[in-house]
Amino acid sequence: MIKKIFFQSIFLSFLFFMEAFAAESGGMPQLNPEFWVSQIFWLIITFGILYVVLSKLILPKISANLETRKSQILENIEAAEKKRKESEQKIEEYEKIVHDSKNEAKNYFKQAREKVLKDIGVKKEALDKEIDEEVNKAEIEIKTFRDNAPEKIRKIAEETSSDLLQQLIGAEVNSSSISAIVEDLSRKKMDEYYGN
C-alpha cells in the first residue's frame, strides 16, 4: 500500500514537472526549474523516511493487531460454535431425560394400577369366598333349625299341654295321647307355613 502511494506521488510529481515548464513565467518559486532537483531530493528523502517508518514500525504493529484481533475473533467464533453445539447436546439430553422420565412414570403408574387392581381382585375373591362360606353356614344353620324346630316345638307343646291339663284336671294325662294330638296339629300348621 505504501509502495503504491510512493509511486503515485512520484508519478504526480513528474506530471507537475511537465506542467511547470508552462508555469515558469508565473512567479511561483516551487515551479522554478532550478529548485526542482532539491525539491525532488527532499521529496524522495521525506517519502523514503516516511515509507521506512510506516513499513518497519507502524504497519507491522497494525498488522499484528489486526491478526491478533482476527485470530481472537476466530477463536471466539469457534468457542461460541462449540458452546452452541454443547448447549444443543445438553438440550437433547434434557429432552431425552424428560421423555424417559415420563415413560418411566407412566410405567410405574401402570404397574401400580395393575398391582392395586390385582390386589383388589384377590381381596374381592377372598371376601366373596368368605361371604359364600358365611351364607352357606347360615343356610345350613337355618335348615338345621328349621328341621329341628318342629321337634322342639312338639316337645314344648307336649310338655306345656301336659302341664296345663294336669293343672286343669288335677290328674296325670296319658302322654301318648297328648303326643298324637300335638303331632296332628303341628302337621296341619306346618302345611300352612311351609306348604308341604
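These legends walk through several close-up views of one predicted model. In this predicted model, local features need pLDDT of at least 70 and side-chain atom pairs count only at pLDDT 80 or more, while totals for chains, interfaces and linings use all residues. Residues are numbered from 1 along each chain as its sequence is written, and side-chain values use heavy atoms, with hydrogens and water left out.

**View 1. The chain is built from three helices and zero strands.** Reading from the N terminus, the order of elements is α-α-α. Helices (H or I, at least four residues) and strands (E, at least two) are DSSP runs, numbered from the N terminus. Of the 196 residues in the chain, 6% are buried; buried means under 20% relative accessible area, exposed means over 50%, and partly exposed is in between (1.4 Å probe, protein chains only). Among the contacts with a separation of 6 or more, 41% link residues 24 or more positions apart, where a contact means heavy atoms within 4.5 Å. The accessible surface of the chain is about 17,400 Å², and carbon and sulfur atoms supply 62% of that. Accessible areas come from the Shrake-Rupley method with a 1.4 Å probe; for residues, only the protein chains shown count as cover.

View 2. Patches are made of residues with over 30% relative accessible area and no salt bridge; like charges are joined within 9 Å, and nonpolar side chains (Val, Leu, Ile, Met, Phe, Trp, Tyr) within 5 Å. One member to find is leucine 59, in helix 2 (residues 36-169). Leucine 59 is partly exposed, at 32% relative accessible area.

**View 3. Negative charges gather in a surface patch.** The members are Glu125, Asp128, Glu130, Asp132, Glu133, Glu134 and Glu141. Lys and Arg count as positive and Asp and Glu as negative, while His and the chain ends are not counted. The place of a charge is taken as NZ of Lys, CZ of Arg, CG of Asp or CD of Glu. Glutamate 134 belongs to helix 2.

**View 4. Arginine 84 meets glutamate 81 in a salt bridge.** A salt bridge is a side-chain nitrogen of Lys or Arg within 4 Å of a carboxyl oxygen of Asp or Glu. Here the N to O distance is 2.2 Å. Because they are three residues apart in helix 2, the two partners are separated by about one helical turn. Arginine 84 is partly exposed at 36% relative accessibility, and glutamate 81 is partly exposed at 32%.

**View 5. Arginine 84 also forms a salt bridge with glutamate 88.** This N to O distance is 2.5 Å. Shared partners join Glu81, Arg84 and Glu88 into one network of salt bridges.
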